[in-house]
Amino acid sequence: MNTDITWQTKSTSTEQTEQLAAALGSKLRGGEVIELVSDLGGGKTTFTRGLVRGVGSTDRVASPTFTISREYTAPKFTIAHFDFYRLGEAGIVGEEIREIIGDPTYVAVVEWGDVVHDVLPKERLTIHIHQTGEHERNIIYTYPPELGYLVEKQS
């Protein structure tokens, strides 16, 4: 039986998407895995930019589409940002994710995670971002009860 919880919200601007992500980022403790699901240009990098700001990092966020992964340093942990769009299989990067999952000194953010679904833990926050207009997004969080602290007070 699936006990995952779903929470949904809307964003009407890039700034609002970043604010939602920053609020989430401020609640991260380390060791979490976040999967971002969206079409190309759907707002995954925008969301990650807000998340990184929310954890207190001043690092410049860029899409890892061509580099596959990037790291952003925050005061309490490092955000490892992965993008598997260009890969048919995870290869060695899948092992890199496996090594950091559950490590409290990392938070993993994964885009195009179908390639590594066998590596990703069941206990992850999955965020679906659906573009409904030029700047409008429908954002759906799906998470197990043990990650409820990430979403409470937003809903």
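Start at one residue pair: Gln 131 stands opposite Arg 137 in strand 7. Strand 6 and strand 7 pair in the antiparallel sense, over six bridges. Pairing here takes at least two DSSP bridges between two strands.

A word on the source. This is a predicted model, where local features need pLDDT of at least 70 and side-chain atom pairs count only at pLDDT 80 or more, while totals for chains, interfaces and linings use all residues. Residues are numbered from 1 along each chain as its sequence is written, and side-chain values use heavy atoms, with hydrogens and water left out.

Now the overall layout. The protein has three helices and seven strands. Helices are DSSP runs of H or I with at least four residues, strands are runs of E with at least two, and both are numbered from the N terminus. Read from the N terminus, the order is β-α-β-α-β-β-α-β-β-β.

How are the strands arranged in the sheet? The sheet is open, with seven strands in the order 1-7-6-2-5-4-3 and mixed pairing. On average, neighbouring strands are turned by 20 degrees against each other, direction ignored. Angles run from 0 to 180 degrees between N-to-C directions; axes are lines fitted to C-alpha atoms, for helices over the stretch in contact.

Let's take the pairs. Strand 1 meets strand 7 in the antiparallel sense, over seven bridges. There, Trp 7 has Tyr 141 of strand 7 as its bridge partner. Strand 7 is mostly covered, with six of its seven residues buried. Buried means under 20% relative accessible area, exposed means over 50%, and partly exposed is in between, with a 1.4 Å probe and protein chains only. Across the protein, 50% of the 155 residues count as buried.

Next, a parallel pair. Strand 2 (residues 33-37) and strand 6 (residues 125-131) run parallel, joined by four bridges. Ile 34 sits opposite Leu 125 of strand 6.

At strand 3, the sense is antiparallel again: strand 3 and strand 4 share five bridges. Four residues lie between them in a hairpin. Thr 73 has Thr 78 in strand 4 as its bridge partner.

On to the helices. Helix 1 lies across strand 1, strand 2, strand 6 and strand 7 (137-143), at about 145 degrees to strand 1. Helix 2 runs at about 170 degrees to strand 5 (106-111), and strand 4 (78-83) is among the other strands it lies across.

How do the two helices pack? Helix 1 (residues 14-25) and helix 2 (residues 44-54) pack at about 45 degrees, with axes 7 Å apart. That makes helix 1 oblique to helix 2. The cut-offs: under 35 degrees is roughly parallel, over 145 roughly antiparallel, 65 to 115 roughly perpendicular, and the rest oblique. Residues in the contact include Ala 21 and Leu 24 of helix 1, and Phe 47 and Leu 51 of helix 2. Contact means heavy atoms within 4.5 Å.

Of the contacts with a separation of 6 or more, 62% come from residues 24 or more positions apart. Questions, please.
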